[in-house]
Amino acid sequence: MNGWDTKEVQALGEERLRLLREAAEKAKGKSGMERLDVFLEYGERLSGGGSLPPEEQKALLAAVAASLPQEEQTQLMQVMTMLGL
C-alpha cells in the first residue's frame, strides 16, 4: 500500500499534503498509542478545530499508515474496512 497514491490524498491542497507528510514522518517508529496521538494531533491541525471531512480523515489515516511496517499496514487496512472507512 502506498498511502500517498490514494485519490483522497492527491485531492488535498499542498498545505494539507505537507501536514500529512509531516504526520507520517512523526509517526515512524512509534507504538500504536503514540501513532494514535499523532493522528489526533494532526487531525486537529488539519480540521482547524472543527470537524475533519471523511475524505481528509481517510487521507490522514493513509498517511499515518504509510509509516507502518507492511504487516501493520495490512492490519490497519483490514480494521479500516471493517469500520467502513
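Predicted model: local features only at pLDDT ≥ 70, side-chain atom pairs only at ≥ 80, totals over all residues.
At roughly what angle do the axes of α3 and helix α4 cross? Residues are numbered from 1 along each chain as its sequence is written, and side-chain values use heavy atoms, with hydrogens and water left out.

Start with the whole protein chain in cartoon view. You will find five helices and zero strands (DSSP runs numbered from the N terminus: H or I of at least four residues for helices, E of at least two for strands). Of its 85 residues, 35% are buried, meaning under 20% relative accessible area with a 1.4 Å probe, counting protein chains only.

Next, select residues 32-47, helix α3, and residues 54-65, helix α4: their axes come within 10 Å and cross at roughly 140°. Axes here are lines fitted to C-alpha atoms over the stretch in contact, and angles run from 0 to 180 degrees between N-to-C directions.

On α3, pick Arg35, Phe39, Tyr42, Gly43 and Leu46; on α4, pick Glu56, Gln57, Leu60, Leu61 and Val64.

Finally, zoom in on serine 47, which lies in α3. Serine 47 counts as buried because its relative accessibility is 18%. Its side chain reaches the backbone oxygen of glutamate 44 at 3.1 Å.

Conventions:
Buried < 20%, exposed > 50% of the residue type's maximum accessible area, 1.4 Å probe, protein only. Polar contact = N/O pair within 3.5 Å; in protein donor to acceptor, adjacent residues only side chain to side chain. Contact = heavy atoms within 4.5 Å.
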